[in-house]
Amino acid sequence: MATPQSQRSINKSAAIVIPLFLMGSVGYGTWVIVVKIAVEYLLNPSQDLRRIGINPRHGAAIAIIVLYFILLPLMAFPYFRTLQVIWMDPGYVPLGQSSEKDPNSAWDFYNKDVFVCDHTGKPIWCDKCNNWKPDRTHHSSEVGRCVRRMDHFCPWAGGIISENNMKFFLQFCFFGALYTSFVTITVAVLLAERKRKTGGDVQATWAVALALAAMCCLFSVGMSISTFQLSMLNLTTVENLNKGNAVYRLAVCVSTSAEPPSAEPSSDRPTSTQGNGALPGQFRQTRQSVTHTRQYTVLQTEPGENPWDIGKLRNLQSVLGEKWWDWILPIKYSPFTKHDRADSHFEFGPVVTNLKRKAGLLPPDPKSRRRHSRRHSGQSEHRSHRSHRSHRSHRNHRHRSSDTGALPTPAWKGGETFQEV
Ligand SMILES: [Zn+2]
């Protein structure tokens, strides 16, 4: 079995050889499709071929050339965009200066309302890069760096697939599957025809092109299906490895308070609170002479829950973009690369909303309350009356909450499960 070091050197070698092999194969396939098949077989067959009934077919030749030169750039452009991002910046997290965990450098995390944390409520630290890891960051052993939303190390592209080139990689896989399917079917059909009409004449150049196209077709169809499925679930390949058992600890901001400037020297420093451990993270920062104190609590997802799942269509839109042309053209980066959200590094989905509800940090779900109420209304009249009163009192409670624009009284009590009252 390969050791991690030998596996890394294999990957690095493959990352140089396979892109060259791919480009050579595409060049060879273009020569076979355009010159050998479209021109020499369909447009202008030899006298020997004409004698056995293979006549010029201009329509078929032009259709093949046009389709080929539509599909080729659709596949090639996202591939070169993927390579460009790999060479420029797949989303490396800067290297830290010191192995000391400097809390001052974690200010970006404590500006967010929710971030992935360790059991103490602090962001995740990478002791190889000496820096904090933003949500969904993974340390790549191949390049020795932390990479944002790292997906995998791809030998086909010769580098890291991550948040900056995930969209281009998905487009490359999809159009690569279309392109290689087109080449495979075209060469296979015409090769079979030629063999039948000539009584067994198999052109070696055609056969090699067919074998290469069929092999790449198998890979690209498989990769496009799996990449599309993971994008639809908003999972990276790294996250998917442990999908069933993955548990995320999330530091969730429970309160923000502004204090007047104090005589003490300000320290942008997260501190652990003592006591029952209900509020493990506390962060003070000074902005415009006012000290803001943000308190965090740690909530934990159930095994297998994906906190970033925001629904299949929106998951795909977060990778590919909002407009249909964004899905096709490899120009804009994925919307999630902007990192302009104030509340978190990536948008969180219903899993986090439900976690906050269970912890009493959000009011109960009005929909579930209505369902609850409807279930009661189908029972005896006496019980229905009681249910109605109960429902009304809930509504009053909600109304009061919205009047003040504040959440109901924080119900976090030393880590106890919140009981609805
Ligand atoms: Zn790292």
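Reader: What is T180 in contact with, leaving aside its neighbours within four places in sequence?

Author: T180 is in contact with A213, C216, C217 and S220. Keep in mind that this is a predicted model. To count as a contact, two C-beta atoms have to lie within 7 Å. T180 itself sits in helix 5.

Reader: What makes T180 buried?

Author: Just count its neighbours. A residue needs 20 or more other C-beta atoms within 10 Å to be called buried. T180 has 25, so it is buried.

Reader: How far apart are T180 and M215 in sequence and in space?

Author: They are 35 residues apart in sequence, while their C-alpha atoms are 8.8 Å apart.

Reader: Why does A177 count as buried?

Author: Same test: the cut-off is 20 or more. A177 has 21 C-beta neighbours inside 10 Å, so it counts as buried. You'll find A177 in helix 5. Leaving aside neighbours within four places in sequence, A177 touches C217, S220, V221 and S224. Take S224: it is 47 residues from A177 along the sequence, yet the C-alpha to C-alpha distance is 7.2 Å.

Reader: Why does N130 count as partly exposed?

Author: Partly exposed is what lies between the limits of 12 or fewer for exposed and 20 or more for buried. N130 has 18 C-beta neighbours inside 10 Å, so it lands in between and counts as partly exposed. Look for N130 in the loop between strand 2 (124–126) and strand 3 (131–133). Its phi is near 55°, a positive value in a residue other than glycine.

Reader: Is R136 buried or exposed?

Author: Buried, because R136 has 24 C-beta neighbours inside 10 Å and the threshold is 20 or more. R136 is in the loop between strand 3 and strand 4 (138–140). Here phi is near 70°, again positive in a residue other than glycine.

Reader: Why is helix 6 called roughly perpendicular to helix 8?

Author: Helix 6 (residues 204–233) and helix 8 (residues 312–320) pack at an angle of about 110°, and their axes are 6 Å apart. That angle makes helix 6 roughly perpendicular to helix 8, because the label covers 65 to 115 degrees.

Reader: Which residues meet where helix 6 and helix 8 come together?

Author: From helix 6 come S231, M232 and L233, and from helix 8 come K312, N315, L316 and V319. Sorted by kind, the residues of this contact are 4 nonpolar, 2 polar and 1 charged.

Reader: What makes a set of residues a nonpolar core?

Author: The members must be buried, come from a list of nonpolar types, and be joined through C-beta atoms within 7 Å. The largest such core has 43 residues, and I37, F169, F172, V187, A209 and A213 touch the most other members. Several elements give two or more residues to this core, including helix 1 (4–43), helix 3 (58–88), helix 5 (166–198), helix 6 and helix 8. Helix 5 gives the largest share, 14 residues. A second, separate core of 24 residues includes Y110, V114, F346 and L355.

Reader: What does V187 touch?

Author: Not counting residues up to four places away in sequence, V187 touches I37, W206, A209, L210 and A213.

Reader: Where does UniProt place the feature "transmembrane region"?

Author: The unreviewed UniProt entry puts it at residues 16–39, 60–80, 168–192 and 204–225. In the model, residues 16–39 are 100% helix, with end C-alpha atoms 34 Å apart. Residues 204–225 are also 100% helix, and their end C-alpha atoms lie 32 Å apart.

Reader: How many helices and strands are there in the protein chain?

Author: The chain has 12 helices and 11 strands. Of its 421 residues, 31% are buried. Among contacts between residues at least 6 apart in sequence, 70% join residues at least 24 apart.

Technical notes: Residues numbered from 1 in each chain as written. Predicted model: local features only at pLDDT ≥ 70, side-chain atom pairs only at ≥ 80, totals over all residues. Axes fitted to C-alpha atoms, helices over the stretch in contact; angles between N-to-C directions. Helix = DSSP H or I, 4+ residues; strand = E, 2+ residues; numbered from the N terminus. Parallel < 35°, antiparallel > 145°, perpendicular 65-115°, else oblique. Nonpolar A, V, L, I, M, F, W, Y, C, P; charged D, E, K, R; others polar. UniProt positions renumbered as here; feature names shortened; annotations may be inferred.
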